[in-house]
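Here are my notes on this model, point by point. Please read them with the coordinates open.

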Amino acid sequence: MSYRIPESLIAEENARRASALEDEYAALGRQLKRRGLDIETITAKAAAYAVAVPTWGVGTGGTRFGRFPGAGEPRNVFDKLEDCATIQQLTRVTPTCSPHIPWDKVGDYRELAERAKALGVGFDAINSNTFQDQPGQKLSYKFGSLTHASKAVRDQAVAHNIECIEIGEKLGSKALTVWIADGSNFPGQSNLDRVFDWYLESLTAIYARLPGDWRVFLEHKLFEPAFYSTVISDWGTSLMAAHALGPKAFCLVDLGHHAPTVNVEQVVARLIRAGRLAGFHFNDSKYGDDDLDAGSIDPFRLFRVFNELVDAAERKAPGFDPAYMLDQSHNVTDPIESLMMSAIEVQRAYSQALAVDRPAQKAAQDDSDVIEAHRLLKAGFLTDVSPILAEARRRRGGAIDPVATYRASGYRARKAEERPAVAGSSSGIV
Ligand code: LRH
Ligand code: MN
């Protein structure tokens, strides 16, 4: 029987921290009350919040320069599900995971769905992969996939995406995420207009196979692995495609897929306005698509994104139903610790955005009172909502301090015993 963290250990660890939490929670409650905000309202919303874990994130990632796997690496999707379930057990904010095909391919998807159910984890959007060639694959994606000049290659890529939909249906997913690496490294290598025709032709064939209640998430990215042009390089191109495809096509925002100077929260505001915001791949970055832990480099940017999301929810923006997922690569940390921290940082940004006195801020904006409008926004960001997040976890049976409880459990060492290192095993990215 593979090791699971006993609930009794979580209870023990929580018992040691309960009175401090009670004190801090009460103090924050009084502070928020003085600001006209009700802590219980924020805690209830924080507790109901959920972000999906990427299955490819629970194994050590890597870069083109190297990969340094840790102990107890997941060997297959069943190990990955266990680790996703452990993140949910301790944080109570990650009830689903986002699978990636073929990295999570198995012979029996019903067995996988049952195992996930037994572990208390569901499946969010399923991700296709036509940015790598698989062993035995007939046609290569070296020069593109859904926008390759050869119709045969495009058809092969379309067939893969349709297979992902069929797998997702067995797992309970309700959306397909399509990110393609297609692009060029030399001016003149491809016709920048024709490749978009082929993209629409391919996506139209995939779109036609979406079940009635499914959505397709189009993921844009400025560059990498293509370094001159990328077919779906920005939100505008993605939105053009979504409009051309139909009402089930939406635009997914991976925070790391923009030039460092781009105002990502404004991109989010525009996609909300268009009613086409698919949701997010949360991570953080300083230079390129660094896939660092969410909130680790620029937590204020993450907060500004959630400020747009809370505003949209409060004004009941039409068609506003974003999916929230993490998409990170963990090269120097225990992926489980990174994913727990990141899920909590996303929940933190949401809770801080809920601590903004919006009516007062609107009044200041209407008066062009710049400092007051900015000060009221910052007041949300500067609110230490840690007691709210811990209380939300405690109320849902999670750990007041997930990382400390995880370390106290010795989970990683147990998995190192259970999961002998398999040469060449990879969580997916490298
Ligand atoms: C591309 C991307 C995409 C995934 C991959 C693992 O950079 O963000 O979402 O398929 O990372
Ligand atoms: Mn992504």
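**Ligand site, rings and buried residues**

1. A polar side-chain atom of Asp327 lies 2.7 Å from an oxygen atom of ligand 1. That falls under the polar-contact rule: a pair of N or O atoms within 3.5 Å; within protein, one must be able to donate a hydrogen and the other to accept it, and residues adjacent in sequence count only if both atoms are side-chain atoms. For Lys221, a side-chain N or O atom is 2.9 Å from a ligand 1 oxygen. For His281, the corresponding distance is 3.2 Å. Alone, ligand 1 exposes 300 Å², and the protein buries 94% of that. Such areas come from the Shrake-Rupley method with a 1.4 Å probe; for residues, only the protein chains shown count as cover.

2. On provenance: this is a predicted model, where local features need pLDDT of at least 70, side-chain atom pairs count only at pLDDT 80 or more, and totals for chains, interfaces and linings use all residues. Residues are numbered from 1 along each chain as its sequence is written, chains are lettered from A and ligands numbered from 1 in the order written, and side-chain values use heavy atoms, with hydrogens and water left out.

3. Which residues come nearest to ligand 1? Of the 12 around it, they are His100, Glu219, Lys221, Asp254 and Asp327. Near means that a heavy atom of the residue lies within 4 Å. The shell has four nonpolar, three polar and five charged residues. Here Ala, Val, Leu, Ile, Met, Phe, Trp, Tyr, Cys and Pro count as nonpolar, Asp, Glu, Lys and Arg as charged, and the others, Gly among them, as polar.

4. Next, the aromatic pairs. Rings of Phe, Tyr and Trp (its six-membered ring) pair if their centres lie within 6.5 Å; planes under 30 degrees apart are stacked, over 60 edge-to-face, the rest tilted. The count comes to 19 pairs. Phe306 and Tyr350 are tilted, because their centres are 6.1 Å apart and their planes at 50°. This pair links distant parts of the chain, 44 residues apart: Phe306 is in helix α10 (residues 299-314), Tyr350 in helix α11 (residues 335-354). Helices (H or I, at least four residues) and strands (E, at least two) are DSSP runs, numbered from the N terminus.

5. Tyr406 and Tyr411 form another tilted pair, 5.8 Å centre to centre with 45° between planes. Tyr406 is buried at 2%. Tyr411 is buried at 0%. One aromatic cluster consists of Tyr49, Phe280, Phe282, Phe306, Tyr324 and Tyr350.

6. Two charges sit over rings (NZ of Lys or CZ of Arg within 6 Å of the ring centre and within 35 degrees of the ring normal). Arg215 has its charged end 5.1 Å from the ring centre of Phe250. Lys248 lies over the face of Tyr207, 5.8 Å from the ring centre.

7. Thr94 is in the loop between α4 and β2 (96-98) and is buried at 1%. Its C-alpha is 9.8 Å from that of Leu326, 232 residues apart along the chain.

Note on methods: Buried means under 20% relative accessible area, exposed over 50%, partly exposed in between (1.4 Å probe, protein chains only).
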